[in-house]
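Reader: I am new to this structure and would like to learn how to read its features one at a time. Could you show me the model and then take me through it?

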Amino acid sequence: MQVKIAGFAALAVACAPSFALAVEESTSENIGPWEIEATYKADKFDRCAVSRKLDNEIVARFIRTDDAMTFMLESPNWKLERGKQYPVKMSLGPQSWDTEVAAEANSVSIGVDQKKFETGLRNANALNVVAAGATINVPLDKSRVALERLDNCVAKNERAAETNPFVAPVRQP
């Protein structure tokens, strides 16, 4: 297990009147092609994520907080219009649907709010995201184990802070 300092939280700069910076810290480990990571902001649990690198410097990431899961694709090569919704067709095995992804400068994301979608992620061989200019194929090998570990990561890290407020939580991905 390795500890990485991921950087400074931009939200702290935007919200804090004294412009104090909060350090974002994370721990990670690998499960097959997936890297699982627990992230803390100012010693408080923030989120867990599993990610894997794809072709063309694209990273696929599933982010889970205590109340939601988000799927994100990002690439340093993309130049997207921040705040724009891009239409895509998503497919998991025989299941497919049209939806929109929310854009940032070099990433897109969508909430995983359907149990059917989350179950499909655990059972399908690949997730295909068909956009206007290309199809992005996300292989889902070892995704069942990685997504179970993602759920466990959130449960363990949230519970660690609740058990003893006077002891720093054990940071577990």
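Author: Let us begin with burial, where a residue counts as buried under 20% relative accessible area, as exposed over 50% and as partly exposed in between, using a 1.4 Å probe and protein chains only. Asn157 is buried by this rule, because its relative accessible area is 0%. The model is a predicted one, in which local features need pLDDT of at least 70 and side-chain atom pairs count only at pLDDT 80 or more, while totals for chains, interfaces and linings use all residues. Residues are numbered from 1 along each chain as its sequence is written, and side-chain values use heavy atoms, with hydrogens and water left out.

Reader: Where is Asn157 found, and what does its side chain reach?

Author: Asn157 belongs to helix α3, which covers residues 143-163; helices are DSSP runs of H or I with at least four residues, strands are runs of E with at least two, and both are numbered from the N terminus. A polar contact is a pair of N or O atoms within 3.5 Å, and within protein one atom must be able to donate a hydrogen and the other to accept it, with residues adjacent in sequence counting only if both atoms are side-chain atoms. Here the side chain of Asn157 reaches the backbone oxygen of Cys153 at 2.8 Å.

Reader: How many helices and strands does the chain have, and what share of its residues is buried?

Author: The chain has 3 helices and 11 strands, and buried residues account for 40% of its 173 residues.

Reader: How should I read the pairing of strands, and in which sense do β7 and β10 pair?

Author: Two strands pair if DSSP finds at least two bridges between them. β7 and β10 (residues 126-130) pair in the antiparallel sense over 4 bridges, and Lys89 stands opposite Val130 in β10. β10 also runs antiparallel to β11, to which 5 bridges join it, with Val130 opposite Thr135 in β11. β10 and β11 form a hairpin, with 4 residues between them.

Reader: What volume does the largest pocket have, and which residues are the closest to its centre?

Author: On a 1 Å grid over the protein atoms alone, a pocket is an open set of points with protein on both sides within 12 Å along at least five of seven lines, and lining residues have an atom within 4 Å of a point. The largest pocket has a volume of about 400 Å³. It is lined by 20 residues, of which Trp78, Val129, Ala131, Ala134 and Ile136 are the closest to its centre. The elements that give two or more residues to this lining are β7 (85-92) and β11 (135-139), and β11 gives the most, with 4 residues.

Reader: How does one describe a pair of aromatic rings?

Author: Such a pair is described by the distance of the centres and the angle of the planes. Rings of Phe, Tyr and Trp (its six-membered ring) pair if their centres lie within 6.5 Å, and planes under 30 degrees apart count as stacked, over 60 as edge-to-face and the rest as tilted. The count by this rule is 4 aromatic pairs. One of them is the tilted pair of Trp34 and Phe62, at 6.0 Å centre to centre with 50° between the planes. This pair links distant parts of the chain, since Trp34 is in strand β3 (residues 34-41) and Phe62 in strand β5 (residues 59-64), 28 residues apart.

Reader: Is Phe62 buried or exposed, and how is it placed against Phe71?

Author: Phe62 is buried, with a relative accessible area of 1%. The ring centres of Phe62 and Phe71 are 4.9 Å apart and the planes lie at 35°, so this pair is tilted. Phe71 counts as buried at 3% relative accessibility, and Trp34, Phe62 and Phe71 form one aromatic cluster.

Note on methods. 1 Å grid on protein atoms, 1.4 Å probe; cavity = no way out; pocket = protein on both sides within 12 Å on 5 of 7 lines; lining within 4 Å. Points joined across faces, edges and corners; volume = space filled by probe spheres on them.
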